[in-house]
Amino acid sequence: MSVDTLGAPPFNPLVAYKFSDAQLAEIKEVCAIHTAESASTTAGYMELTKSIALCRNTRLDLEERRKEIKAPYLEACNIIDSEAKRITTILVELESPLKAI
């Protein structure tokens, strides 16, 4: 693939993560009810662990999605860098004998 045909992968930040501000607000609401006092009971502790799991699992899903989104951009960067290196090598091979003259 040549550099001219690369183009940028489609990207819409609003849908890229498949996660809305409303979902984040819901998680904040669920987490806000926890206190040291509420976690001192068995039921409260169980709810706390559920909230921790919700945050952790959401965070891990977000990280996985970030990697998926980022992959084509990294590939494009590698193609750009490889092509620049190839062209630079040819130019240095042409330049070096000229410098010896």
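The model is predicted, so local features need pLDDT of at least 70 and side-chain atom pairs count only at pLDDT 80 or more, whereas totals for chains, interfaces and linings use all residues. Residues are numbered from 1 along each chain as its sequence is written, and side-chain values use heavy atoms, with hydrogens and water left out. The protein has three helices and zero strands, where helices (H or I, at least four residues) and strands (E, at least two) are DSSP runs numbered from the N terminus.

**Fold and surface**

- Read along the sequence, the pattern of the protein is α-α-α.
- Of the 101 residues in the protein, 8% are buried, a term that stands for under 20% relative accessible area, while exposed stands for over 50% and partly exposed for what lies in between (1.4 Å probe, protein chains only).
- The protein exposes about 8,300 Å², of which carbon and sulfur atoms supply 63%; accessible areas come from the Shrake-Rupley method with a 1.4 Å probe, and for residues only the protein chains shown count as cover.
- Among contacts between residues at least 6 apart in sequence, 69% join residues at least 24 apart, a contact being heavy atoms within 4.5 Å.

**The largest pocket**

- The largest pocket has a volume of about 200 Å³, which is the space filled by probe spheres set on grid points, these points being joined across faces, edges and corners.
- Helix α3 gives the most to the lining of the largest pocket, with six residues.
- By class, this lining has six nonpolar, one polar and four charged residues, where Ala, Val, Leu, Ile, Met, Phe, Trp, Tyr, Cys and Pro count as nonpolar, Asp, Glu, Lys and Arg as charged, and the others, Gly among them, as polar.

**Cysteines**

- A search of the whole structure finds zero disulfides, a disulfide being a pair of cysteine sulfur atoms within 2.5 Å.
- C31 is in no disulfide, and the nearest cysteine sulfur, that of C55, is 3.4 Å away.
- C31 is partly exposed, with a relative accessible area of 28%, and C77 is also partly exposed, at 41%.

**Single residues along the chain**

- The phi angle of K18 is near 55°, a positive value in a residue other than glycine.
- S51 lies in helix α3 and is buried, with a relative accessible area of 4%; not counting residues up to four places away in sequence, S51 touches V30, C31 and H34.
- A32 is found in helix α2 and is exposed, with a relative accessible area of 60%, while A32 and S51, 19 residues apart in sequence, are 9.7 Å apart in space from C-alpha to C-alpha.
- R66 has its place in helix α3 and counts as partly exposed at 28% relative accessibility, and the C-alpha atoms of R66 and A16, 50 residues apart along the chain, are separated by 8.4 Å.

Notes
On a 1 Å grid over the protein atoms alone, a cavity is a set of points where a 1.4 Å probe fits but cannot get out, and a pocket is an open set with protein on both sides within 12 Å along at least five of seven lines; lining residues have an atom within 4 Å of a point.
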